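Q: I have a new model to read. Please walk me through its features, one by one.

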Amino acid sequence: MKKILLNIMATTGISLVVLSLVAILYDGSLICIDTIFQVLGLNVVIYIGLYFMDFIEYRYAILETGLKLIYIILLVLISGFLWGWYSNLPGVVLVLMTIAILCTCLDAISLISEVKSINILIEEEQSK
């Protein structure tokens with residue numbers, strides 16, 4: 001649970017920084033408080049879905065990654081529609097932001113989990 005909360009907060013922070021940079025490019029001057037909580041809520045829903053998707057056994061790693069990417073992009077696009085993000089930001093920019101954030105976060109998360117797995121294997125080997 002602690003890991004999921006840490007991942008949610010890290011992804012929300014990265015999302016807000018990227019959103020701020022894009023807002024600057026579009027001559028934006030502020031991000032509303034509502035947007036911060038919307039991004040947090042979206043990240044919570046994303047990670048809950050990813051948590052449950054991890055229980056499914058996939059035959060191909062590329063299929064797993066593709067399904068997760070499609071799931072996240074669909075959630076972002078639906079959230080953009082529900083919360084009116086398209087009035088300030090084109091959908092293509094929203095998708096590109098999502099992909100940039102995903103590349104950063106998923107690489108960091110997978111790297112951390114791989115390091116933990118390696119450490120567990122080392123500890124098991126040393127205990128024999």
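Q: Is Lys68 buried or exposed?

A: Start with the rule: buried means under 20% relative accessible area, exposed over 50%, and partly exposed in between, with a 1.4 Å probe and protein chains only. Lys68 has 16% relative accessibility, so Lys68 counts as buried. Keep in mind that this is a predicted model, where local features need pLDDT of at least 70, side-chain atom pairs count only at pLDDT 80 or more, and totals for chains, interfaces and linings use all residues. Residues are numbered from 1 along each chain as its sequence is written, and side-chain values use heavy atoms, with hydrogens and water left out.

Q: Which side chain meets Lys68 in a salt bridge at 2.7 Å, N to O?

A: Side chains of opposite charge can pair when their charged atoms come close. The cut-off is a side-chain nitrogen of Lys or Arg within 4 Å of a carboxyl oxygen of Asp or Glu. Here the partner of Lys68 is Asp54, at 2.7 Å. Lys68 lies in helix α3 and Asp54 in the loop between α2 and α3, so the bridge ties together parts that are 14 residues apart in sequence. Asp54 is partly exposed, at 46% relative accessibility.

Q: How many salt bridges does the structure hold?

A: Two. Glu64 also forms one with Lys68, and the closest N and O atoms are 3.0 Å apart. Glu64 and Lys68 are four residues apart in helix α3, separated by about one helical turn. Glu64 is partly exposed, with a relative accessible area of 25%. Salt bridges that share partners join Asp54, Glu64 and Lys68 into one network.

Q: How many helices and strands does the chain have?

A: Helices (H or I, at least four residues) and strands (E, at least two) are DSSP runs, numbered from the N terminus. This chain has four helices and zero strands. From the N terminus on, the order is α-α-α-α. Of the 128 residues in the chain, 29% are buried.

Q: What span is expected of helix α3, and what does α3 reach?

A: The expected span is 1.5 Å times one less than the number of residues. Helix α3 covers residues 61-82, which is 22 residues. From its first C-alpha to its last, α3 reaches 32 Å, close to the 32 Å expected. Now try α1, residues 2-25. α1 has 24 residues and reaches 35 Å, close to the 34 Å expected.

Q: Which residues of α3 are buried?

A: An α-helix has 3.6 residues a turn, so residues three or four places apart point the same way. In α3, the buried residues are Lys68, Ile72, Ile73, Leu75, Val76, Ser79 and Gly80. Seen down the axis of α3, they fall within an arc of 155° (taken from the directions from the helix axis to the C-beta atoms), so they line one face of the helix. On the other side of α3, Ile62, Ile70, Phe81 and Leu82 are exposed. Just after α3, Gly84 takes a positive phi of about 70°.

Q: Which residues make the nonpolar surface patch?

A: Patches are made of residues with over 30% relative accessible area and no salt bridge; like charges are joined within 9 Å, nonpolar side chains (Val, Leu, Ile, Met, Phe, Trp, Tyr) within 5 Å. Accessible areas come from the Shrake-Rupley method with a 1.4 Å probe, and for residues only the protein chains shown count as cover. This patch is made by Ile70, Leu74, Ile78, Phe81, Leu82, Trp83 and Tyr86, and has about 750 Å². Ile70 lies in helix α3.

Q: How many aromatic pairs are there?

A: Rings of Phe, Tyr and Trp (its six-membered ring) pair if their centres lie within 6.5 Å; planes under 30 degrees apart count as stacked, over 60 as edge-to-face and the rest as tilted. The count by this rule is four. Tyr51 and Phe55 have ring centres 5.2 Å apart and planes at 85°, so this pair is edge-to-face. Trp83 and Trp85 form a tilted pair, 5.6 Å centre to centre with 45° between the planes. Trp83 is partly exposed at 38% relative accessibility, whereas Trp85 is buried at 13%. Ring pairs also link Tyr51, Phe52 and Phe55 into a cluster.

Q: How many residues apart in sequence are Leu50 and Lys68, and how far apart in space?

A: Leu50 and Lys68 are 18 residues apart in sequence and 7.0 Å apart in space, C-alpha to C-alpha. Leu50 is found in helix α2, residues 33-53. Leu50 is buried, at 9% relative accessibility.
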